[in-house]
Amino acid sequence: MHLDLSGKTALVTGSTQGIGEAIAAALARAGARTAVNGRKADVVEEAAARLRAVVPGADVVGVAADVSTAEGAASLVAALPEVDVLVNNVGVFGARPALEITDDEWRRYFEVNVLAAVRLTRAYLPGMRERGWGRVQYIASDSAVVIPAEMIHYGVSKTALLGVSRGFAKEAAGSGVTVNCVIAGPTHTGGVEDFVYQLVDRSLGWEEAQREFMRVHRPQSLLGRLIEPEEIGNLVVYLASPQASATTGAAVRVDGGYVDSILP
């Protein structure tokens, strides 16, 4: 299957590292003009330069903006007024005992993980509908379905994204625009390495620490390992492609079988 996004502009929020950077690279390889986003201009430019190096000939732009604020989202839209593929990836996570999560922490998680995506969808979906083609995606998590005891604020924010995605899919009904959620499972990123070491012995080497984390804290995984970011990018590119034109309003799993369900 040849997935060709030539002539399309894709924006991936929070794409200077980890899953977001891998998604941006996958979209660029598929031929999309790809916008890399993060809060700091120097970090964004470094990520854009890496992307151009790994995908020779890629059309890459960097847009520095904090999309967790209304002002930041507005500045991004002003710099990039038309987008065909919007991937709402930006997010924060971290372990915290449930009874110690403050009101301010709950608000921060919703501002970053939920409202950032809502703002950008409001900004870009109307143009997609007018053009009769577009793709909106939200990078959710297995934590949306299996709320982790060690970070319920993160899990609940990702659960909210499932509802946001389904609701905007109804708003886009019949327009040629698809809206979907990607449920990513436990994934190997630098941030996740830090998270793993919050929960297992820091004296362990990474491979042993990873195995211990999966055995103790993610025993439901059928994959038996952390997912690589590129594997998330592969699904995002498919959902962004013309071949996925009949998939909308869905929560599509790339979770290594972590969620114990026969339904998506």
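**Close-up 1. The residues that line the largest cavity of this predicted model.** The lining of the largest cavity is made up of Thr-13, Asn-88, Asn-89, Val-90, Val-112, Asn-113, Ala-116, Ala-117, Tyr-138, Ile-139, Lys-158 and Leu-161. At least two lining residues come from each of helix 4 (103-131), strand 5 (134-141) and helix 5 (152-171), and helix 4 provides the largest share, with 4 residues. Sorted by class, this lining contains 7 nonpolar, 4 polar and 1 charged residues.

**Close-up 2. The largest pocket and the elements around it.** The largest pocket has a volume of about 1,200 Å³ and is lined by 44 residues, with Gln-17, Val-90, Gly-91, Val-92 and Phe-93 lying nearest its centre. Val-90 also belongs to the lining of the largest cavity. Helix 1, strand 2 (33-38), helix 4, strand 5, helix 5 and helix 6 (190-199) each contribute at least two residues to the lining of the pocket, and helix 6 gives the most, with 5 residues. By class, the pocket lining divides into 18 nonpolar, 18 polar and 8 charged residues.

**Close-up 3. The second largest pocket, with lining residues from helix 1, helix 2 and helix 8.** About 190 Å³ of space lies in the second largest pocket. Its lining consists of 14 residues, of which Glu-21, Ala-22, Ala-25, Val-54 and Glu-230 are the closest to its centre. Helix 1, helix 2 and helix 8 are the elements that give two or more residues to this lining, and the largest share, 6 residues, comes from helix 1. The lining of the second largest pocket has 8 nonpolar, 2 polar and 4 charged residues.

**Close-up 4. The largest nonpolar core and the contacts of Leu-27.** This core comprises 36 residues, and those that touch the most other members are Ile-23, Leu-27, Leu-51, Val-87, Val-182, Ile-232 and Val-236. At least two core residues are supplied by each of strand 1 (9-12), helix 1 (18-29), helix 2 (41-54), strand 4 (85-88), strand 6 (177-184), helix 8 (229-240) and strand 7 (251-254). Helix 1 gives the most to the core, with 7 residues. When neighbours within four places in sequence are left aside, Leu-27 is in contact with Leu-5, Ala-10, Val-12, Ala-32, Thr-34, Val-87, Val-237 and Ala-240. Apart from this core lies another, of 29 residues, and among them are Leu-11, Val-67, Met-128 and Cys-181.

**Close-up 5. Helix 8 and the elements against which its buried residues pack.** Helix 8 has 12 residues and reaches 17 Å from its first C-alpha to its last, which is close to the 16 Å expected at 1.5 Å a residue. The buried residues of this helix are Pro-229, Ile-232, Gly-233, Leu-235, Val-236, Val-237, Leu-239 and Ala-240. An α-helix has 3.6 residues a turn, so residues three or four places apart point the same way.

**Close-up 6. The buried residues of helix 6.** In helix 6, Val-192, Phe-195, Val-196 and Tyr-197 are buried. The buried residues of this helix pack against helix 7 (206-217), while helix 6 also contributes 5 residues to the lining of the largest pocket.

**Close-up 7. Ser-143 in the loop between strand 5 and helix 5.** Ser-143 counts as buried because its relative accessibility is 3%, under the 20% that sets the limit for buried residues. Not counting residues up to four places away in sequence, Ser-143 touches Pro-148, Met-151, Tyr-154, Gly-155 and Thr-159.

**Close-up 8. Glu-105 in helix 4.** Glu-105 has a relative accessibility of 18% and therefore counts as buried, since buried means under 20%. With residues up to four places away in sequence not counted, Glu-105 touches Arg-96 and Glu-100.

Conventions:
Residues are numbered from 1 along each chain as its sequence is written. This is a predicted model: local features need pLDDT of at least 70, side-chain atom pairs count only at pLDDT 80 or more; totals for chains, interfaces and linings use all residues. Side-chain values use heavy atoms; hydrogens and water are left out. A nonpolar core is a set of buried Ala, Val, Leu, Ile, Met, Phe, Trp, Tyr and Cys residues joined through side-chain atoms within 4.5 Å. Buried means under 20% relative accessible area, exposed over 50%, partly exposed in between (1.4 Å probe, protein chains only). Contact means heavy atoms within 4.5 Å. On a 1 Å grid over the protein atoms alone, a cavity is a set of points where a 1.4 Å probe fits but cannot get out, and a pocket is an open set with protein on both sides within 12 Å along at least five of seven lines; lining residues have an atom within 4 Å of a point. Ala, Val, Leu, Ile, Met, Phe, Trp, Tyr, Cys and Pro count as nonpolar, Asp, Glu, Lys and Arg as charged, and the others, Gly among them, as polar. The expected span of a helix is 1.5 Å times one less than its number of residues. Grid points are joined across faces, edges and corners, and a volume is the space filled by probe spheres set on the points.
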